[in-house]
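Hello,

Here is the structure for you to look at. My notes follow below it.

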Amino acid sequence: MNVSLGWLRALAPGVESDPEALSERLAALGFPVEGAVAHGALLGDIVVGRVVEAGQHPNADRLSLCKVDAGGDELLSVVCGAPNVRAGGIYPFIPVGGVLPGGMKIRKAKIRGERSFGMLCSAKELGLGADHSGILELRTDAPAGTPFLEVYGLRGDACLDVEVTANRGDLLSHVGIAREVAPEGVEGISLPTVPGGGAPEFELRSDAAEVDVDGVTVSIREPELCGRFLGAVVRGVKVGPSPDWLQARLRSIGARPINNVVDATNYVLFELGQPTHAYDLSQLRGNAVITRLADEGESVRTLDEVDRTLSSSMLVIADAERVVDVAGIMGEDSSSVSEGTVDLFVECAHFEPRSIRTTKKALGIQSDAGYRFERFVDPAGQERALRRVLEIILATAGGTLHPVVADVHPRPWVAPVIELRRARVGRLLGVDFDSGAIAALLRPLGFEVDEADGETLRVTVPGWRGYDVTREVDLIEEVARRYGFDRFPEVAGPHRSTTVPDHPLFGLEDALRDFLTGTGLFEAQTPAFVPESEGEVRLSNPLAQTEPVLRRDLVPSLLRRVEYNLARGVRDVRLFEIATSFRVRGAGEAPSEETRLAAVLTGRRAPEHWSGDDPAIDLRDLQGLLDGVLRRARPGARPVPGEVEGSRLRAGRGWVIVEGERTVGFAGLVDPAHLDLPPWAGDVLAFELTLPDAPAPTPTPVARPLPAYPAAERDVALIVPRTVEASRLVEVARDAGGAELEAVEIVDLYEGERLPEGTRSIAYRFRFRSLERTLTDDEVERAFRSIVDRVEEEPGVHIRR
């Protein structure tokens, strides 16, 4: 939101005149200033220049050679390329030695053989708008050489770019900002006098559905989407350039003046935050103004000269035959005000924010009016805004206002009343406020506070805050904000910890994060919106047409981050994510959601070091990582060779993770066909696991003394078929070893010659220990033989001799 300091001080003279001080004040209130530009610091070299002569450049068809009176003793020769320069015209002029806002210093120049001693300036070159099609023509009687800042009303002015959050649509106006920073709040704000103006007199003719005024019938067919519609008829206007004061106000915030009628609506938009719109009455067919839903496929050419096709969910304003306005967003081209307009229909309406937001997004239209309506506009301020825009139109364009104004009002605004408990304020903020202090903080913002009961205050919410202040806690936030966050004590007050335990799933997620980050992985957070090939739950209002669905699996999103890193030369990538996946259920049912853990890995097994080689991470590393995850998340699950459809894994190089009869995940080597990788990239490994909805609580650790007796170890090498997993034999050994079997370790793996085809040799080490005494050799041998006998019962397993 661009805010003119001069405009702000015209509304509330007590506002700080120093842009830096005002910026600090706004930031403390929660609205940081992105930047502040002091017009005086940038435009001090610009003066009023009068073109005395304007002729064709002798050596260039598209250039003019002018004689300019800049207030000096002699006329200056100036070469100009603008098409609108003319003799007798008055324009901003910068002489040789001056500096433009962009930093360009003006020097003597020779252009196509003719010398030029300065420059006539456009609005864009002065930083006062985007128009650079011609020189900015001034309407002033000031003598040549007068400082431009004085003529343009910008001396001492500055433009502040205020960041406004989406819930504070009331701040998208100068009056809204003034309510926050004026020393007396709303009581210290008054609208500046309009030169030649005066408050227009009219009578409101109200009805819930339809009103006729001066032969024009105004009606609302969608009361849920349009709560109120005011319409006035002005006849006999003369459309032309706005007076200097009006143009200066608009240009001070970077807006481009158009004509006196359109400028009046824009002035009120930026002053009060209420969009209004003026139609050429002669272009409204059938003498009707109807607020309705568009017909499916109905089209309209908007003011930006784009033909748009509408849907039946979009609110429009129409005459008896066609759409003349995409309601609250942008008007139609043929009914807009032009130089030939004589009679006006001026409207001021209130629209439902969600409807405006949906239509804006669907049509891809950006407009100042839509930006405000989708954030909520003051429903109690419409009559004030209409009076203001009519006052400016009558003062700048003339004409006669019909004494009756249509007021179609199906949903009257009722101000919310919220009970605010003083004790609750103290509990939430940690500072005790009496009722008088609370009222003193809220009243400057426009809240009406009834202190009849000192412990409970009844607060009436003003219309401009009716969208974001709906609960007691919203009022407490206002108290805190106005009191000043920097004034609260830094030390937390006494409090009692909650007795409600965290959900076990949260504890599991934290444990998995600790484990994975401890093994060198980084946590990623990727969007849930994905291309159509990666999901099945379709979004009704996607952020981008390329990502219209919610993801089915997490791994594809992480693989895109792998591609991103490898494309930038990052070879070692280890990422994990805990997030939600979505699947379609039956017709009419909400999608199913699962919390999942996914990880992707590629690159070296360990950081590069001069003391050794750089082995790449492989499937054994992935299996070890997966074993650690399963022990924490799903102790009953195990990986078995297999494939999951759509997992993007290479056939025969992965596992299906099963728990009982249910598949709960997959892991393995990613098929390179699914990746866009540089030639030097290594293998990419991945796994994805569904976390349990209600994991078992983590058992409380029990401390045990260190062993006081020695351990005994036995080793055995087994010939094992490749179809038998090494972990399977570990499970068999633990079952057969008895209470004294302390640990089972794999100490060697051999695959090669002198082994039967399809087998490998795995060496296991068994450690036996008693916590009560030293085991005898016979006891250890019996336990060891029990393990070996049980292991050899497995198909194809026998001792290697």
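The largest pocket has a volume of about 1,300 Å³. A pocket here is an open set of points on a 1 Å grid over the protein atoms alone, where a 1.4 Å probe fits and protein lies on both sides within 12 Å along at least five of seven lines; lining residues have an atom within 4 Å of a point. The volume is the space filled by probe spheres set on the points, which are joined across faces, edges and corners. Of the 32 lining residues, Q623, D627, E725, A726 and S727 are the closest to the centre of the pocket. Elements that give two or more residues to the lining are α16 (619-633), β34 (638-641), β35 (649-659), α17 (726-736), β39 (741-750) and β40 (759-768). The largest share, seven residues, comes from α16. Helices (H or I, at least four residues) and strands (E, at least two) are DSSP runs, numbered from the N terminus.

This is a predicted model: local features need pLDDT of at least 70, side-chain atom pairs count only at pLDDT 80 or more, and totals for chains, interfaces and linings use all residues. Residues are numbered from 1 along each chain as its sequence is written, and side-chain values use heavy atoms, with hydrogens and water left out.

Next, helix α12 (residues 435-442). Its buried residues are S435, I438, A439, L441 and L442. They cover an arc of only 160 degrees around the axis, so they sit on the same side of α12. That arc is taken from the directions from the helix axis to the C-beta atoms. Buried means under 20% relative accessible area, exposed over 50%, partly exposed in between (1.4 Å probe, protein chains only). The cover over these residues includes β25 (417-421), α11 (422-429), β26 (448-450), β27 (456-460) and α13 (472-483).

Now the core. A nonpolar core is a set of buried Ala, Val, Leu, Ile, Met, Phe, Trp, Tyr and Cys residues joined through side-chain atoms within 4.5 Å. The largest has 56 residues, and L390 and I393 touch the most other members. A second, separate core of 37 residues includes L281, L315, I329 and I356.

Most residues other than glycine have a negative phi. N287 has a positive phi, near 50 degrees. N287 lies in the loop between β15 (277-280) and β16 (288-293), and is partly exposed at 45% relative accessible area. Phi of E305 is also positive, near 65 degrees. E305 lies in the loop between β17 (299-301) and β18 (307-309), and is exposed at 58%.

Best wishes

Methods: Contact means heavy atoms within 4.5 Å.
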